[in-house]
Structures are given as structure tokens and as C-alpha cells.
Number of protein chains: 2
Amino acid sequence: MTTIAIVGLGVVGGSFAKALKKYPQAGERVLAIDPDEETLQTALSEGMIDYGETANETILQQADLVIIGLYPRALKDFIIKHRNDFKKGAILTDVAGVKGVLVEQLKAEIPEHVDFIYGHPMAGRENRGYAYSDADVFEGANYLLTPTADNQPENIEWLEQLIKRIGFKRVTIVQPEKHDEMIAFTSQLCHVIAVSLINSDDPNRDTVKFIGDSYRDLTRIAKINDSLWSELFIENKDELLAAVEGFEKQFQLMKQAIQEDNVDELANMFKESTKRRTQLEQADRKQKAE
Amino acid sequence: MTTIAIVGLGVVGGSFAKALKKYPQAGERVLAIDPDEETLQTALSEGMIDYGETANETILQQADLVIIGLYPRALKDFIIKHRNDFKKGAILTDVAGVKGVLVEQLKAEIPEHVDFIYGHPMAGRENRGYAYSDADVFEGANYLLTPTADNQPENIEWLEQLIKRIGFKRVTIVQPEKHDEMIAFTSQLCHVIAVSLINSDDPNRDTVKFIGDSYRDLTRIAKINDSLWSELFIENKDELLAAVEGFEKQFQLMKQAIQEDNVDELANMFKESTKRRTQLEQADRKQKAE
């Protein structure tokens, strides 16, 4: 019997519950802790969890794996509060989108009798809450694990298998610092751009009549969980600013080419971006075919 | 009998052929002019056109409507070359993504016996060629018409009906200058951003392992037709630079808030962008439900 506890049945925690039930394993139970009684009842009635509690009473004491779907700050508070509630030998994991500072700060707080393996599912939704959770967002997606020297190799391997079982395609093991550098570019910078783009519109224009899929795609993530992302940005400040400046440099080069009617330079930039995007698609396709 | 000629069976022209056959009307024929014999044969065998020529011989002489799916410069050349070939009373329309300069330049070239109604389907694909054409990209999309004082109101209305028949949801009548101002923001600026984003990556990093849907969505249009878009950018230079500068201002404000750890300011920006994006989705949904 394997008991999995999900802490926080939000959009990510809820998707874990749904994905575990979509790809179930004999003798596996999914329990959840969420302050919202109604959310627990919904998840129970949908068969996505087997049991729930609004605050931990008995769940953490039984759980072999605890998936903590909380924001970075709430995660720290949770670990500190429940340090004596976790089962001996339990594997703990998180889903936070920033790692370096977090690993540093939590180092002293993790009880010795558990194995905390930091993780980051690269799949989410711009809407929050269990109602928007969906097993399908995990399908074919990337997962990053940032183990520390304290982790047991067999536990990392076990977690990796579980992640792949529930739909993720590629699990990458990476240093926390490398994680933060890459996420600053592939995720956080994208959010800075999307927010800046939509906020630069003149609200007195009837913009909706003039949009195509380009604008729709580039602003999708401008719908953003403000408390979570303010935390993430500040916790990863240095890496994010480096990514911001790298983007600014390219943006300035393109602006200059437009100002100077430099058609050749523009065409070169377009050829380069087309090449890179095509390579990205090929790598994505290759991964899905594997 | 209505005869429709499509000039250029590329991704946009091909999509017109497919959409006209998806929503056919009794007594309507679709003919095409495309230099590539193989493309014509494919379209014929798929039943998407009724007849084709690699260069005009008989088609323009019969066509009641000519949809010209060419780049701005090629469009001008085509009009000049064929000024005496168009049927008397024919309606001509284009699909170019820039209007102000084009309308000005073509003014003297349009023969008096035809009615040229400028148009811009806000739907496309980042890949070029007939193979990527698809009637479905038009489904529910926006269409912009920029009539001039020379156009006949009944012809504008007739064209509008045809556009709606083949899947477009909202046809907006707009001045060429307003068109260019809006397109600079909703389309061209988005392309500047996507190209700058992907070109600011360090190609020595294994970025593909670290991406989620944010990066995929924001770089989709970085795959770009370099000759077409260099033309479009330069022809709409002033409006595009204004959009670029509006974006830069917001981007700088966000950068500053990150530098100063200004969590409140970040949260305010996120709330504003969330509000705007939510309104956009509501407007889009309302349109689709109409």
C-alpha cells in the first residue's frame, strides 16, 4: 500500500490528484489536505481523492509521499509547522517555480527523518483553483527535479518513475541554480513580456476587433496569480533581471533595424528566429515520439 | 453564376479556396492563378478549386471577385500588369497586413472599371504554402475591411456577407490609418517580441528541457516569413515604432519594480493585466456566442 498526500488541492495539486487517478496503481491511495471543505467534497465525489482533511489530523502520519502544492512562503510555514507529523522515511516534494533561494532557506527546516526532493512540473494554468485542475496539462510536459546531496538516489528514481507514470514525458535532473537561470528565461521573462504587452494597450481603443492568434497567444499568461508571481519574481530577482536584459538587447537591435529601414538585418533576425523555433518544434516532436 | 478567382494559392489563398468549398454556394466556381503547377494539381485533385492557370490566360476575364493573396509589392505589380484583364464591374480585394501606404500607392493604379476593396483576414499560419492552408483558421476570426471613397456600398456589403459565410465572425470597417495603428500593436509588435525573445536565448543551453506552454506560446510566431514581414514592418514603420515604445515603457516599469523589490507595484501590474486579459476573453467568448 502506497499512500500519497497532496497538500493544497489548487490547480496544480488538483491536477496531481486527477493524474494519479487517471493512471492508477494497485494499492495506491490519494489523500488531500485543503482548507476548503467544499473543494475536498468535490474531489471526493469525483473520485479524485480517497479521503481529505481541512487541516492535517491523520494524513501526514500515513503518507509515503507528500506532494506539497503550496506557494514558496506557505511551503516553508507548512514544513516548519508539521516537522513532527511526517512519517519516518517519507518522500516530500514541492512544485515551486523557484529553487535556489528556497533550497537554501529550507535546508535547516527539513526534518532528518524525511527525504525532501525538490521538483517543478513545467505545466500549469493561468486560472487558479481545483475547478481548473486537469490531468491533461501534464501530458507530454517537462518536469524538473533539483536534488540535493541529502537525497537518496533510490528515492529520486522512484519519484521520477511516478512522474513519468502520470503523463510527464521528460524528467530533467538539474542543479537549483541552473533551474533558476533557465526558468527566469523560459517562464518568468515570458510573464514579464505578456504583462507589459497587454498593459501597454490604450484601453480606449476597441482592440478586441483587431486581434488574431498572435495577440491571443502572447497575452494568455498575462492573466496571472498576482501574489504567487510577485513572490516568484523577487525570489529569483538576479536571474530574472539577467533574462530581462538579454531580451532588451535583442529588442533594441530589432527596433534599430526598423528605424534604419534595414530590411536585410530584419530578414537575418527572422531567419535566425525561424531556425531556432523550428529546432524547438523538432525537439518537442522527438520527445513526444519517444 | 459567380466566379471567384484566387491569386496565389499560398497559406492564405489556399485557406480561402478551402473555406469557399467548405461553405459552398450554388452556382459558385473557384478558379486559381498560381505559378506552381503542382500546387494547382493538388488543389484540383482535392476539389478545392475548379480550374487553375499558372499565369493568367482566361481567369481574370471571367472573375466577379478576385482575391489577391500576394505580398504588398507583388500585389502592386500584379495590378499594374493585369489592369486590362479584369472583368468590368469585378470586385477585387487583397489580404495584406498593412494598409495606409498601400492604399496611397495603389490609388493611381487601380483601373476604373473595377472596385478594389482592401481587406485583411486576421488569421494565418506561421508556415507558408498551400500545404499549410486550412479553412479552420478562419473559423471565428476577425476580418478588417478598409474601404475608400471609391468603393460601392453594395459591393462592400456583398463582400462582408461572403466573408461571414466562410467562417469569419466579426467584420470591422475601419480607416486605413486606424488599421495600421491597431495592427502595429496587435500583430507586428507581437512578432518583434517573439523574435527578440527566442533570439535572446543562449544557444549553448539545453533550453528545450526547461520549457512549458508559456515559452511555446510566446515563440510560436518567431517562425516567420522573413521577406513578407520585413516588407510589412518597413511599410508600417511609424506606427510600429510607436507600439514598440509603448511596450518598452511598460517593460521598464516592470523591470524597475523587480529591481526595487516592489512587490506591491508588481501585484498591481499583474492585477491590471489579469483584468485586461479577462475582458479580452469575455469579448472573444461573447463574439463566438453571437
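**Exercise 1.** Are Phe251(A) and Phe247(B) buried or exposed?

*Solution.* Both Phe251(A) and Phe247(B) are buried (under 20% relative accessible area; exposed is over 50%, partly exposed in between, with a 1.4 Å probe and protein chains only). This is a predicted model, in which local features need pLDDT of at least 70 and side-chain atom pairs pLDDT 80 or more, while totals for chains, interfaces and linings use all residues. Residues are numbered from 1 along each chain as its sequence is written, chains are lettered from A and ligands numbered from 1 in the order in which they are written, and side-chain values use heavy atoms, without hydrogens and water.

**Exercise 2.** Classify the ring pair of Tyr143(A) and Phe168(A), and locate both residues.

*Solution.* Rings of Phe, Tyr and Trp (its six-membered ring) pair if their centres lie within 6.5 Å; planes under 30 degrees apart are stacked, over 60 edge-to-face, the rest tilted. Tyr143(A) belongs to strand β8 (residues 142–145), and Phe168(A) to the loop between α6 (153–165) and β9 (170–173), 25 residues apart (helices, H or I, have at least four residues and strands, E, at least two, as DSSP runs numbered from the N terminus). Tyr143(A) is buried at 2% relative accessible area, and Phe168(A) at 3%.

**Exercise 3.** Classify the pair of Phe251(A) and Phe247(B).

*Solution.* With centres 5.2 Å apart and planes at 45 degrees, the pair is tilted. The pair crosses between chains, from helix α10 (residues 237–259) of chain A to helix α10 (residues 237–259) of chain B.
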